[in-house]
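I opened this model to look up its helices, strands, cores and ring pairs. My entries follow in the order I made them.

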Amino acid sequence: MFSALGSALHAKRRLTLYLVIGLAVLAALFGGTLQSKVTNGLADYDDPTGSHTVARKVIQDATGIDPQQGYALLIRTDEAIEPGGPRPKAVTAGIALLKDRPEVKRVIDYKSAGDPALISRDARSTVLVGAVGPMKDKETKDAEKALREAIDADPALRGHAHLGGPTIGMVQVGEVTTKDLSMAEGIALPVVLVLLFLVFRGLVAALLPVMGAILTLLLTMAGLRLVTLFDNVSTGALNLAFALALGLAVDFGLLIVSRYRDELAQHGAGALALRRTMETAGRTVLFSGLTVAAALAALLVFPQPYLQSMGMAGVITSLAAVLFALLALPAVLALLGDRVNSLAPRRWQRVTRTEGTEGSGDPAVRRWRRIAQLVMRRPVVVAVAATALLLALASPVLGIRFTGADASALPTGISAGKVSAALQDDFAEPATSPLRVVADTSDGGRLGAYAKEIAEVPGVEAVAKPVRLDAGHWEIDAVLEGEPLGTAAKDAADEVRSLDAPTPVRFTGQTADFLSQKDGIRDRLPLAIGVLALVTLLLLFAFTGSVVLPFKALLMNTLSTGAALGFLVWVFQDGNLGFTAQSGIESTTPVLVFALAFGLSTDYNVFLLGRIKEARAAGLDDRTAVAEGLARTGRIVTSAALLFCVAVGALALSRLVFVKELGLGTAFAVILDATVVRALLVPALMTLLGGANWWAPGPLRRLHAALRLDRMETSDDTPEPGSGNSGDAGDSGSGGRTGREEAVSRA
């Protein structure tokens, strides 16, 4: 298949490029409107199947108020606020401002609620709470803009009022995310371009993955735009698409270009070089892309739209990158021929002209071969040391805590972040987000004793009397200690949920919603892991024909991703490397980091196993094949990992902690896998197992052979009729060697 594809792409290279360019233009036109269609609301992180959503729906139907939304207007006054005295002018203006908004159903302040906790400890600040009706994503953005403009236009509020709350917080999280992504792109791209020139050893070759990243991103945006026609796509998907498009375009581009240069050195430019490239590197790219897509597809089993969006973006981006590497890039290489090495220093050109023959022209090949040989001399020591290091790095995971994404993630320079910080630092216990208990009953008489039980739970500050919502539902509000996502509030809400209620009850409010989100992730996690493991095992078996290597890959991937999660806990939760200690890791981050790191680890594993398998097929013994595989892929994998780390690591520059976690965690996982795992643990374990690495039961071996998956394709060395290129003519210079002999020479 791949040989035929290579021949077809060489013969129809211009037509292929015209089709790709046309596809890119269509994708740009269709996907260009994606930014205006993505969502960034609290519902993106919510479980639409959870009982808390039913509770919210009951409250919303009965009162017209959406419990998940709301405004918090922080007002700082020049004079002290007296709970029993007249309201200051700024407070009166703030109440009028909120009441004038059509979406606001009720305004609560310290006087109307009779709650002095809504006044700060120094009596110079107060918070107004605006309960709002249900709003769509665009409506929240319009409302946030209108409120900011109204505050700036009112002399009594200008400089005294700051806008926050759940609704405003998520709007501003989206704005900050977009700005930070642009900043990350601006910083990462120049660095990546310089590294591309150094890694690809030439300007022409370095521009190929840039072209691939653009094409991949355009196709991904078009694919996500198509998804928005029938489902929501979270704005976080754009962050992932940018980093993954650049990273995979570099990964696959480096693999294809490096192998094409090998074949150029061996056979010269022409159809044969492209065919051999597609037979080997092309096959590897297909399986690599599928493994990354499979890992990210596991996110689709989670109920949260945010995780589903990230999974969809990952799948589409991976497949788009494969499309670039297997169609567009080979066509470009067919047109370039030897010119792929143009615009490079002469020393680099000499290396690329000789590296495909015996590998002696590239010092990196010799270095990696020596590393492999050193590892294989002491495989037990290296395997034990590498495993111990990974387990030590993973150990902080045992103390992991979780938190949610809300306005508290924003910097204090943003209004919602300022309000969140003020509520935490300057106020006693403002009841801005109580635990709301919805009871399914028409008789509220039985709820009095239940409310008293709730009040006795440690961490519950106060409990309101039961209130009738409608003919079949009552509500009890409980004020929890500390921040809604703080440890005390979460522990108290957990204990309240465990109480025996006299009637069926459901819980909502920021704390309860977060606990339900965490429960939803935990409940679906076994299914996601099962899907990920099964698909990975099947793909690696199809690629290698072994049942040992896939299970070994699962074990090593688990070790490396566990180490990455431990690193996240140590950095962000424990507050190391200059980061402020957080109350926990954002609950979706470990799932995302695990899926991304697992997919990319398998991706690099496929790179290495492909070369080892090819060397074995050429007649090399197991130890030599492992050394040769590492020698030939060491530079490729580490270079690809470095470039990917720059692309995804740029997310760590974001002002949002959960975006930093995603960027830094994934970057650390990738660099760890490309060094400790791929350079040390893999060759050590393969040396210890020897030929057993490639074992499979007889029925599976026969199935693998029947599906024509058991061997690499072999190209016909005879030039294609009419090809008339120097590369094909030059094949006669091999002295009539067989394909096997040439393979041994290349290995």
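**Helix α7**

I began with α7, where a kink of about 25° lies at A188, shortly before the proline P190. The bend at a residue is the angle between axes fitted to the seven residues ending there and the seven starting there. The model is a predicted one: local features need pLDDT of at least 70, side-chain atom pairs count only at pLDDT 80 or more, and totals for chains, interfaces and linings use all residues. Residues are numbered from 1 along each chain as its sequence is written, and side-chain values use heavy atoms, with hydrogens and water left out.

I then looked up the span of α7. The helix covers residues 166–200, 35 residues in number. From first C-alpha to last it reaches 47 Å, close to the 51 Å expected at 1.5 Å a residue. The expected span is 1.5 Å times one less than the number of residues. Helices (H or I, at least four residues) and strands (E, at least two) are DSSP runs, numbered from the N terminus. After α7 comes R201, and its phi is positive, near 55°.

How many residues of strand β3 are buried? I found eight of the eight (residues 125–132), so β3 is largely enclosed by the rest of the structure. Buried means under 20% relative accessible area, exposed over 50%, partly exposed in between (1.4 Å probe, protein chains only). In a regular strand the side chains alternate between the two faces of the sheet. In β3, S125, V127, V129 and A131 point one way. T126, L128, G130 and V132 point the other way, and all are buried.

I checked the pairing next. Two strands pair if DSSP finds at least two bridges between them. Strand β1 (residues 71–76) runs antiparallel to β3, joined by six bridges. L74 has V127 as its bridge partner in β3. Strand β2 (residues 104–108) is also antiparallel to β3, with four bridges. There V107 is partnered by G130.

**Cores**

Which residues have the most contacts inside the largest nonpolar core? I noted Y71 and L73, in a core of 203 residues. A nonpolar core is a set of buried Ala, Val, Leu, Ile, Met, Phe, Trp, Tyr and Cys residues joined through side-chain atoms within 4.5 Å. Apart from it lies another core, of 22 residues, among them V437, A451, V460 and A492.

I listed the contacts of L73, not counting residues up to four places away in sequence; they include G94, L97, V127, L128 and I151. Contact means heavy atoms within 4.5 Å.

From there I moved to L97, in helix α4 (residues 89–99). At 13% relative accessibility, L97 counts as buried. L97 touches L73, L147, A150, I151 and L157, with residues up to four places away in sequence not counted. The C-alpha atoms of L97 and D154 are 9.3 Å apart, while 57 residues separate the two along the chain.

**Strand β6**

Strand β6 (residues 435–440) has five of its six residues buried, so I recorded β6 as largely enclosed by the rest of the structure. Six antiparallel bridges pair β6 with strand β9 (residues 473–480). D440 stands opposite H473 in β9. Strand β10 (residues 505–508) is joined to β6 by four bridges, also antiparallel. A439 faces V505 in β10.

**Aromatic pairs**

I searched the whole structure and got seven aromatic pairs. Rings of Phe, Tyr and Trp (its six-membered ring) pair if their centres lie within 6.5 Å; planes under 30 degrees apart count as stacked, over 60 as edge-to-face and the rest as tilted. F287 and F543 have ring centres 5.2 Å apart and planes at 55°, so this pair is tilted. F287 lies in helix α10 (residues 271–297) and F543 in helix α18 (residues 510–544), so the pair ties together parts that are 256 residues apart in sequence. F287 is buried at 10% relative accessibility, and F543 is buried at 0%.

The rings of Y604 and F607 have centres 6.1 Å apart and planes at 65°, so I logged an edge-to-face pair. Both sit in helix α20 (residues 589–617), three residues apart, or about one helical turn. Y604 is buried at 0% relative accessibility, and F607 is buried at 2%.

N605 is also in α20. N605 is buried, at 2% relative accessible area. Its contacts are A553, R678 and V682, not counting residues up to four places away in sequence.
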